[in-house]
Amino acid sequence: MKTIKFIGIPALIVMLAVGSCSKNDNVAPVASADVSTDDAATIMANSLSSNSGGMASASADVALNAQVTFNANPGCGGTKTYSFTRQNPQGATTTYSYSFNYTYTLNCVNNTPDNVTSSATSTGSFSGPNLTSNDTGTSTFTVGGLSPSATAYTLNGEYKRTGSFTRKTGNMATGNSNVDITVSNLMVSKTGGVASGSATYTLSGSSAKGSFSFTGTITFIANNQANVVINGTTYLVDLTTGSATKQ
């Protein structure tokens with residue numbers, strides 16, 4: 001098994017700022033005052049941001065490893081495996097440590113390499129200004145745009161993260177959460193940064209006062225940011241730091 005460390009592509013595009021929201025887009029309001037909409041935004045932001053080992057960093061790793069696999073050309077249906085540990089920089093205000101294991105499969109069209117499928121598992125923890133969490137995760141992505149002429153990677157797939165959390169601010173909610181994010185046509189520039197993309201998500205779990213459930217959409221925008229819609233309220237999420245600001 002080969003061990004690789006990557007310098008993450010600027011945090012990817014996630015979650016959408018839907019141009020117009022309807023009640024059907026963001027149903028399933030929180031069932032307990034113990035987990036508010038702001039709490040849900042914090043959980044989603046940390047599940048997405050590279051600063052907490054979230055989907056942004058995972059997506060960057062997926063794209064880079066897919067390119068390495070494509071270039072190595074293990075043959076149609078051939079696989080490559082990679083593992084590594086990602087930790088916060090020294091002196092960072094948010095601390096995290098995650099271990100990842102990836103398997104990549106080269107897919108061909110008419111016996112010509114075309115795209116790469118990735119499956120991964122992760123485990124670890126983080127502690128930030130607003131939230132601490134211990135998590136396990138899985139992801140499955142298909143990565144296109146791997147030919148030399150392509151200027152951006154295209155990712156389609158699903159990212160899941162399950163764990164226990166403690167909110168450090170507000171009502172100090174504690175509990176368990178399950179995050180499931182489905183990404184559509186996430187465009188990642190090969191020179192770094194997100195070009196466009198969208199996603200839907202489900203956030204569910206339990207706290208001391210009962211169960212909770214949220215569903216919504218995400219729009220990835222420039223400058224490593226995403227608009228996450230929760231119960232009709234839009235939060236601007238910084239995909240690097242994990243901050244979430246109500247709009």
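# A tour from the strands to the core

Select strand E2 (residues 79-87) and strand E3 (residues 95-109): they run antiparallel, and nine bridges join them. Strands are DSSP runs (E, at least two residues), helices are runs of H or I with at least four, and both are numbered from the N terminus. Two strands count as paired if DSSP finds at least two bridges between them. Now pick Lys80; opposite it, in E3, stands Tyr104.

A word on the model: it is predicted, so local features need pLDDT of at least 70 and side-chain atom pairs pLDDT 80 or more, while totals for chains, interfaces and linings use all residues. Numbering starts from 1 along each chain as its sequence is written, and side-chain values use heavy atoms, without hydrogens or water.

**Along the strands**

Find Tyr96 and look across to Phe126 in E4, its bridge partner. Then go to the hairpin of E3 and E4, with two residues between the strands. Asn110 has a positive phi there, near 55°.

E4 and E5 are antiparallel and share 12 bridges. The hairpin between them has three residues. Ser118 pairs with Phe141 in E5.

Move on to strand E6 (residues 152-167). It pairs with E5 over 14 bridges, again antiparallel. Select Gly137; Arg161 in E6 is opposite.

**The disulfide**

How many disulfides does the structure hold? There is one. A disulfide here is a pair of cysteine sulfur atoms within 2.5 Å. Show Cys76 and Cys108: their sulfur atoms are 2.0 Å apart. The torsion about the S-S bond is about -95°, so this disulfide is left-handed. Cys76 sits in the loop between H2 and E2 and Cys108 in strand E3, so the bond ties together parts 32 residues apart in sequence.

Buried or exposed? The cut-offs are under 20% relative accessible area for buried and over 50% for exposed, with partly exposed in between (1.4 Å probe, protein chains only). Cys76 is partly exposed at 46%. Cys108 is also partly exposed, at 25%.

**Helix H1**

Select residues 37-48, helix H1. Its 12 residues should span 16 Å at 1.5 Å a residue, and its end C-alpha atoms are 16 Å apart, which agrees. The expected span is 1.5 Å times one less than the number of residues. Of the 12, 10 are buried, so the rest of the structure largely encloses H1. Among the buried ones are Asp39, Ile43, Met44 and Leu48.

**The core**

Where do the nonpolar side chains gather? The largest nonpolar core has 52 residues. Seven of them come from helix H2 (residues 55-72), the largest share. A nonpolar core is a set of buried Ala, Val, Leu, Ile, Met, Phe, Trp, Tyr and Cys residues joined through side-chain atoms within 4.5 Å. Highlight Leu155, Ile181, Tyr201, Leu203 and Ile218, which have the most contacts inside the core.

Center on Leu203. Leaving out residues up to four places away in sequence, Leu203 touches residues including Ala40, Ile43, Met44, Val179, Phe212 and Phe214. Contact means heavy atoms within 4.5 Å.

**Zoom out**

Show the whole protein: two helices and 12 strands. From the N terminus, the order is β-α-α-β-β-β-β-β-β-β-β-β-β-β. Of its 247 residues, 47% are buried.
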